[in-house]
Amino acid sequence: MEIKQKNIDLKQIESIKTELTRFMMSYKFALDEVNTKIDILKQEFHYIHDYNPIEHVKSRLKTPESIVKKVYRKGYGLSLSSIKENIQDIAGIRITCSFISDIYELSDMLQNQSDIKVIECKDYIKNPKPNGYKSLHLILQIPIFMSDRVEETYVEVQIRTIAMDFWASLEHKIYYKYGKEIPERLVTELKETANSISQLDKKMENIHKEINEIKEAIDFNDGTQEIFINNERFYLPHDFLTQHFNLTK
């Protein structure tokens with residue numbers, strides 16, 4: 001009788017291990033899926049516009065220990081179904097862009113993917129957190145096709161500028177050093193620094209727009225149009241383009 005009970009326990013443990021493995025694998029595959037989509041958009045933008053709106057992409061998967069700690073902290077149920085529904089940042093991707101306009105353009109491109117379902121969008125750029133934090137947060141749901149099922153898996157995507165990322169990284173380090181309790185004077189200075197970085201982002205955005213306008217004016221005035229084909233630059237006359245492709249000047 002004892003031997004039989006032991007065999008049952010071993011089977012149960014093996015079953016739990018399998019389900020946990022599938023659970024974590026689904027999030028890894030979801031990260032891979034979204035990273036592939038981001039890379040495709042990045043390359044497409046580069047080839048067509050000779051411009052890369054993405055500076056850096058960083059992804060991470062919460063460890064089982066980290067997930068359990070958050071479950072206890074939030075008071076959620078310990079079942080895998082409860083964890084899946086309530087912990088939506090197990091898989092996370094952070095995208096750093098050059099300019100604020102890049103953030104919204106990239107966000108639109110991701111949200112327009114037919115197999116992506118947008119669960120939530122939090123715009124901390126237009127509505128910063130009280131401490132000055134800015135970023136665009138998306139909770140996306142990605143279908144992952146396993147051997148015997150389709151797992152609808154959440155991925156959190158954070159998109160921010162280089163300046164926003166710089167501030168957020170330093171703010172996190174400062175709070176970690178002080179155990180999340182820092183002097184009020186430093187809290188005020190951090191908020192002022194966030195405002196200064198916001199102004200820097202706006203200035204760089206304006207410079208970026210003006211440079212593009214000047215470049216377009218120069219290309220038009222010399223009678224040619226800059227065209228990129230397979231990452232190669234060509235300068236073709238406007239007359240050629242309008243005659244053969246029914247384009248307007």
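Contact means heavy atoms within 4.5 Å, and the legends below use the word in that sense. The model is predicted, so local features need pLDDT of at least 70 and side-chain atom pairs count only at pLDDT 80 or more, whereas totals for chains, interfaces and linings use all residues. Residues are numbered from 1 along each chain as its sequence is written, and side-chain values use heavy atoms, with hydrogens and water left out.

**View 1. Surroundings of Val-155 in the largest nonpolar core.** Leaving aside neighbours within four places in sequence, Val-155 is in contact with Ala-30, Leu-31, Val-34, Gln-88, Ala-91, Ile-93, Leu-138, Ile-139, Leu-140 and Ile-142. H1 gives the largest share, eight residues. Another core, of ten residues, lies apart from it and includes Ile-182, Leu-186, Leu-190 and Ile-197.

**View 2. Salt bridges of Asp-148 with Arg-22 and of Glu-151 with Lys-84.** A salt bridge is a side-chain nitrogen of Lys or Arg within 4 Å of a carboxyl oxygen of Asp or Glu. Asp-148 and Arg-22 meet in such a bridge at 3.2 Å, N to O, linking the loop between S4 and S5 to helix H1 across 126 residues. Glu-151 and Lys-84 meet at 2.8 Å, N to O, and this pair joins strand S5 to helix H3 (residues 80-86), 67 residues apart. Glu-151 counts as buried because its relative accessibility is 16%, whereas Lys-84 is partly exposed at 23%; buried means under 20% relative accessible area, exposed over 50% and partly exposed in between, with a 1.4 Å probe and protein chains only. Glu-19, Arg-22, Lys-84, Asp-148, Arg-149 and Glu-151 are linked in a network of salt bridges.

**View 3. Aromatic pair of Phe-23 and Tyr-27 in helix H1.** Rings of Phe, Tyr and Trp (its six-membered ring) pair if their centres lie within 6.5 Å, and planes under 30 degrees apart count as stacked, over 60 as edge-to-face and the rest as tilted. Phe-23 and Tyr-27 are edge-to-face, at 5.2 Å centre to centre with 65° between the planes. Because they are four residues apart in helix H1, about one helical turn separates them, and both Phe-23 and Tyr-27 are buried.

**View 4. Rings of Tyr-124 and Tyr-133, with Lys-129 over Tyr-124.** The ring centres of Tyr-124 and Tyr-133 are 6.0 Å apart and their planes lie at 65°, so the pair is edge-to-face. The charged end of Lys-129 sits over the ring of Tyr-124, 4.9 Å from its centre; this requires NZ of Lys or CZ of Arg within 6 Å of the ring centre and within 35 degrees of the ring normal.

**View 5. Glu-205 in helix H6 (residues 184-221).** Glu-205 is buried yet has no salt bridge, and the nearest side chain of opposite charge, Lys-209, is 4.7 Å away. Not counting residues up to four places away in sequence, Glu-205 touches Phe-99, Ile-100 and Ser-101.

Conventions: Helix = DSSP H or I, 4+ residues; strand = E, 2+ residues; numbered from the N terminus. Lys, Arg positive; Asp, Glu negative; His and termini not counted. Core = buried A, V, L, I, M, F, W, Y, C linked by side-chain atoms within 4.5 Å.
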